[in-house]
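Look at the chain below and follow its backbone first. Then turn to the charged side chains.

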Amino acid sequence: MREEAFLGIDVGTTSTKTALFHPSGKSIASSSSRYDVINPAPSHYEQNPDEWWNAVRKGISILREKTSFTNIEIISIGVCGQTPTLVFVDDKGKVIRPAIIWKDSRAQKEASFLKETVGEKLMEELIGTKLPIEASWSPAKLLWMKKNEPDTLTKTHKILQPKDYINYKLSGVLASDYWCSKGLVHVKMMKPSDEYYKILGIESNIAPDVFAPSNIVGCLSKEASKELGLREGIPIVAGWADSFCGILGVGAFARSGRAFDISGTSEIVGISVEPFTEIPPGLILVSTEGFQNVVFGPTQSGGGTLDWFTDRFIYDKELSLEEKYMFVDKAVRSSVVNTDSMIFLPFIEGERAPIWNPESRGLFFGVAKSDKLSDFAHSIMSGVAFNIRSIFELLENVWGKEIEEFSVSGGPSKSPVWNKIKCDATGKKIRILENVESSVFGAAMLGALGVGYFNNVTDMSTKMIRIKAMVEPDMERHLIYEELYQKFKRIYPLIRNEF
């Protein structure tokens, strides 16, 4: 008898993950394929969409090697990915130019123009959700394209997200979900707003058709079936943001009061709650029918700071990412933490939540002659932990309750040392999940939901999500981190105007 499985694909910023999961939540096989981010000019970040597809092909090939697919029946495919990233395709689905990815902040002038002439209140009415008007969001980038690359917009048939492009390569269908295409469509009406595009001075037909994330939008085509070695006709759902699939994968969409830190290139920090009477400034409310409401803040660089550090200062390029984490973990264990320890502001590429300042930059504060590589690495890990704590504090102030524990997931959560630093720095318990790569897990869960394998999100989460371990804070170390955190909070306001 063939074993049923759900296939998940996560198109991330630095790698694409593919994985197969049993209905019990058990991981059957997984793979990860890395690629580069193109940085053609300051604040410009792009990628070649075909690199994502090559990574998917490679990933599925690795899954085949690990399982042979002989006794596995893949019953659905769910794809998630980085967002908001703009993928420009013509009417044949051909990519016109490199994709402008989410971390790109070239459109700062356009964002300022929209703040001054449109304002956040009217923008909320035009796109159906409340978002800070920033250079990284689609409206500002569209205006930048109109000014700097008008020919690209003329040639564009549809603007997709990375997971939409992969869905197109799998099924031949050009479609998206309404949340990832915010800034292209009205989130609540699930279609373009004529008034919005009139203000931008851009044709609205570039917006894709959008669906709910778990809606089936197509099936694996004959061409993709031959190319990938998978059964033709497997149902494919619209998919969702990698952050939201990560939230799904830690169980926050299933019940209220579930806090989380989903760590990858950036951190997604939040909690599931009944609707707040007031959303903390700079944080985002996700309200989706059938899912628990969630409020969260996305940072610009979290786990990515350690990637930057290892790339710059650990010179053995043959080490894999996990080997680099092991190297850093070993080094940080030897670092002595006290109230005079170095402090790091993790704003190396500007920052989104909680300060929303694309011009901010990283800072090592309090460097001593005696500091070693291990001390710099510790300051990076604790700096990210302090930023996480600052977002939790915003949530607690509005929620009126203390967050006592939270789940961690994503690549950096494989680091026991970093998990312990986050635990001690926040003073909160941490849940370690069996499937730490919660985004690709959540993508697979979304596919399972789409084909009706489970009754609802709560039923699915109860049956698939498992806690591997709990980490308790060391309250003596927490007192040390408390002093460092208070200093961390004071530093940025003092130097904000210098950026």
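Predicted model: local features only at pLDDT ≥ 70, side-chain atom pairs only at ≥ 80, totals over all residues.

Begin with the backbone. Most residues other than glycine have a negative phi, and most peptide bonds are trans. Some places in this chain depart from that pattern.

Where do the cis bonds sit? One joins T83 and P84, with omega about 0°. P84 lies in the loop between β6 (72–81) and β7 (87–89). Another cis bond runs from A353 to P354, and its omega is near 5°. P354 belongs to the loop between β19 (343–345) and β20 (363–365).

Now look at phi. S68 is not a glycine, yet its phi is positive, near 65°. Find S68 in the loop between α1 (49–67) and β6. F69 is not a glycine either, and it has a positive phi of about 60°. F69 is found in the loop between α1 and β6. Are these residues buried or exposed? S68 is partly exposed, with a relative accessible area of 42%. F69 has a relative accessible area of 11%. Buried means under 20%, so F69 counts as buried.

Next come the charges. Side chains of opposite charge can pair when their charged atoms come close. How many salt bridges does the structure hold? There are 23.

Take E73 and R2. Their closest N and O atoms are 3.1 Å apart. E73 lies in strand β6, while R2 is in the segment before β1 (3–11), so this pair ties together parts that are 71 residues apart in sequence. E73 is partly exposed at 23% relative accessibility. R2 is partly exposed too, at 41%.

E349 and K103 form another salt bridge, with the closest N and O atoms 3.0 Å apart. E349 sits in the loop between β19 and β20, and K103 in the loop between β8 (99–100) and α2 (108–117), so the bridge ties together parts 246 residues apart in sequence. Both residues, E349 and K103, are buried.

A further salt bridge brings together the side chains of E267 and K422, at 3.6 Å from N to O. Distant parts of the chain are linked here: E267 is in strand β16 (residues 267–272) and K422 in helix α13 (residues 416–426), 155 residues apart. E267 and K422 are both buried.

Salt bridges can also share partners. Which residues form one network this way? They are E46, R97, D104, R106 and E149.

Definitions and conventions
Residues numbered from 1 in each chain as written. Heavy atoms only, no water. Helix = DSSP H or I, 4+ residues; strand = E, 2+ residues; numbered from the N terminus. Buried < 20%, exposed > 50% of the residue type's maximum accessible area, 1.4 Å probe, protein only. Salt bridge = Lys/Arg side-chain N within 4 Å of Asp/Glu carboxyl O.
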